[in-house]
Each structure stands twice: as C-alpha cells, then as structure tokens.
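Hi there,

Here is the structure I promised to send over. Have a look, and my notes follow just below.

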Amino acid sequence: MTSRHRASESATPATADADSLSPRRRTVVKAAAATAVLAGPLAAAVPARAAAAQAPAFLHGVASGDPLPDGVLLWTRVTPVPEATAGSGLGPDTEVSWTVARDKAFTDVVARGSAVATAASDHTVKADIRGLRPATDYWFRFSAGGTDSPVARTRTAPAADAAVTGLRFGVVSCANWEAGHFSAYRHLAARGDLDAWLHLGDYVYEYGTGEYGTRGQVVRPHAPAHEIVTLADYRLRHATYKTDPDLQALHHRAPVVAIWDDHEIANDAWSGGAENHTEGAEGTWAARQAAAKQAYFEWMPVRPALEGTTYRRLRFGRLADLSLLDLRSFRSQQVSLGDGEVDDPDRTLTGRAQLDWLKAGLTASDTTWRLVGTSVMISPFALGSLPASLLKPLAKLLGLPQEGLALNTDQWDGYTDDRRELLAHLRANAIRNTVFLTGDIHMAWANDVPVNAGTYPLSASAATEFVVTSVTSDNLDDIVKVSEGTVSALASPLIRAANRHVHWVDTDRHGYGVLDITAERAQMDYYVLSSRTDANATSAWARSYRTLSGTQKAERTYDPV
C-alpha cells in the first residue's frame, strides 16, 4: 500500500492519507509462530534464516525511486510469517514503520511514519516522503515486529531553479534472471556517485524456465517455473528478482527511475495483446495486462502519472529534465513490413495524449538538457547487406521476419508517423539538446537521430540517442553461440555502413552505461562485463560518446568521466 508523509524536523509519528488507510487505524496483527518453510525455487534464493523465522522479515530489500526536490518514494516488502510468500495471498496484516535520517547512524531523524501491509497489496509498502531538502543524501529503513530492514541511501533531486553543475545516472535495461547474474547492478552500486539510476525496461521477464535467451544454459531457474500470466505469478516473479543481492545492493545505494517495456507484461506487447499471449488459453489480455501492471506498481518504487501508465516527467534543477515514456499501453499492433503500414498515420506508438504531452513538455522546457527515456530505439535502422549467417539471428533478436526485411517494427521504425511528427516538432521549434536514452535491443549504440535517414548526413540531426546493452539478455553472439566479439567485428561495420547516423554499435557484450551531464555536454560511458554467468564478473570501461551543447550530434571521446 502507499502512504504519503511530510518530513517533520521533530520526527513526530506520521499518519497516512485517507485513501491509503481505513478511517479507523487497524489493529496490528502480530506475526504468528509457524514452522512452514519457503517452498520451491524461491526458497533457495532467500537467506536460510528466513525459512525458520517466526518474526517478520525483509527478504526483498528496500528501495527508493522517483526523486523530487522535496521528497522520494520509499518501498519495501515484508514477509510477516514464512508462509506469506509473494503471490500466496497468505499472511496477517502487519504494521510497517519507516524512518528517514540525514545520517546512516540515524542520529538526525527527519521523518517517521507507518502503514499496514496486507495480503491485498502482497505485503508491499510504499511511503511517499515529502518535506525533505533538495539535492541531499538521506538514509532510511523499515521496521516490523521488532525486525529492522537493511539501511539504504537515497537522494533528492535538486531544487527546480537550482544552477546544477553536474548530474550522474546509471543506465540499464534487459535483465533476464535465467541468463546470468546481475553483476552490472553490483558495479553500479559500488560507484557511490550516482544521483539516481534509470531502468529503461525489461526489469523482469515473463517466460517459463528455459524458454528465452540463455544460450542453452539456465544459470538459475525462474520462479514460478511456468510462464507468468496471473497476478500471483507476476508477484512471485518480481519477488524472485528482488532476492538478487546485486539488485538489492543497487536499490540500497541510489533511487531508481524506471519505465516498463514489454517483458514486464509479455513479449511485443501492444494495447490489445502481445506476441507472447494466447487469448483464451492464457486468459484474457485485459486480465493479464491488469495483473502485470498491478504487480509492477506494487513491487516497484514508481509513481504512476496516470493509472496504469509509466509516463511522467522529473526535473533536476535547471540542468536537465527527464521525460519517461510508456510505449506499450497505447500502441497499435505491430505490423509486418510487407503490409506497408509502418507509415500509416492512424497507427501510433505513443498514443495521441502521450505524444502531445511529450511535445508540449519539450517545448516548455527551460532546462539545458531534455532527456527522454524510451524503451525502444527511435533512431532508424536498416539491416543492410549482412550475410545470411548473421541476418537470421539478428532478425530473431529484433523480432523481425527472418527473410531479412529492413526494419524492426516493434521500435519507432514501425510507427514512422509518430517519429516524423516528434522530430519535426523538435526542428520547427528549434528545441536543442534532446537526448534519447534507450534499452530493449540488447546492444550498445551511439546515434544521431536524423530528420531524414535516407539523406543523412546531408540532412539535419534533430537529437542524439544513447542505447545501453542488456544486463544479461542474449546478444547476437549468444544467439549464434560464438565467442564474444566475433559477431560485432563483422556486423558493426556493415550496420554503420547502412546507417550513417550510427557512430558505434556493439552487438555482443553485456553491461551498463553511466550518463554524466554538465552544461557543456552529455556523455555516456559504456561499461562491459567479463561474463554474465560468473557471479563475480568484473567490469571494464569500453567506450564513451558525448553530445556537445547545441550540436544535436554524437561524437566519440576517449576517456570516461
């Protein structure tokens, strides 16, 4: 459940809003003694002490998200008794309190409050804390039945009118539990210098065990083992991911700003269905989509701007604002390129209301940089003259017809009228310094976003785009099952030759990005992992690209910030 609370310098107990708790505060039900243990794959993923515990436990860590100048959203999930596993619908109502302080030792407490965690919200708790200072580190923890959660750091955004000298964000996407360990999260957590981190989609995957992208090796099986379709399924899948120690570590170090892509619901989702949904056999699409979204908002520290969507805007002083898109809830169904419908003006990726909201926000923005979080690539992409041995696996990765057609219709390429309208708006209104931040494609890219790809570079570039690779989900080399770097050495030059706005593409490696912003430039440093299957994988800087203020073009730079 969610509760809003203003910070109090006197640290007086808080009460939740009327829409968060019943008018009469419910009596706390003490956790009963129990001997049951966590069953199935999830039991193996959580600490052994949890199975025998009779007191409440915080098995899934804590998190914060969506930082504002005066506040942040806090999250946790309490397991009140061992049998109250995620999605089970079991377990008593349990009072959960939170404490926010200016120091890690909690000697300078600025906010306290509590809420009742119930089975109706899968025993998840959100606290929307307000009244905090801008651009300030805080520490927080939750407590229930005498048990304290881990202590975590969060950070508020700068004041709206603040002259911010710099911002630094981690950037990630596409983390398939079965394909490997989440070392990317661990390395980002170890930095200790992030204002926040952006998750651009595919935080969880919906497939059953062994059904998707593991290069033939399931490193750790999903729970539940079957494809998730019900609310209980989606809850348990989120819970499984949040037992990962590296993911917990990153959530404990900085606030997240997240959007969903398709796999939080089902592969290639659109407003009326999905490629990976069979109507009837897997229930109705409306019911499955509602279940997936409910579990997402229960388990993620995300404020829905509108009910059931993730599009919203955050501001970081006068240096940058960040428009976050929901590119699954409103889109028309994907088409095959042979149908000739990718240019149909009646088809949409964003929906009319969201596109108008984005355009208006970009026009009204008075920040130096306008960042746009998009779950799928906006830059046009033609496959070019790839050999057949690479064309088929690339088409498979992109969800393309494997005969070798030129575009990915799940991306903006399949909805060219929306893209044309947005880029024309940027040009007509002389909107500069727009940077698209993208995930989804399991490859790293640095792109200009041309107004007309066919004549580029003679035509203008309206923006730039930095695409981060996957945390663990299959790259091209994984699909082809060859050594890392083999495919990229061949495919990258051919992709760039057919797409002159593409400065760099790495088709093979897993990793993450670090976006560093100053008034003069926005720079993405790309980092790669030594292995996705080694829990102790190392991380190394691979490349950096930046866009200088006023240029709308990417350029290589030879050192990370």
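Let me begin with a helix: D417 and R420 both sit in helix 9, 3 residues apart, or about one turn of the helix (helices are DSSP runs of H or I, at least four residues, and strands are runs of E, at least two, numbered from the N terminus). Their side chains meet in a salt bridge at 3.4 Å, N to O, meaning a side-chain nitrogen of Lys or Arg within 4 Å of a carboxyl oxygen of Asp or Glu.

Please note that this is a predicted model, where local features need pLDDT of at least 70, side-chain atom pairs count only at pLDDT 80 or more, and totals for chains, interfaces and linings use all residues. Residues are numbered from 1 along each chain as its sequence is written, and side-chain values use heavy atoms, leaving out hydrogens and water.

The salt bridge count comes to 35. Another pair is R331 with D410, at 3.0 Å from N to O. R331 lies in the loop between strand 16 (320-324) and helix 7 (352-364), and D410 in the loop between helix 8 (388-398) and helix 9 (416-428), so the pair ties together parts 79 residues apart in sequence. Both R331 and D410 are buried (under 20% relative accessible area; exposed is over 50%, partly exposed in between, with a 1.4 Å probe and protein chains only). R420, at 46% relative accessibility, is partly exposed.

There is also a salt-bridge network that links R168, R191, D193, D516 and R521.

Happy browsing!
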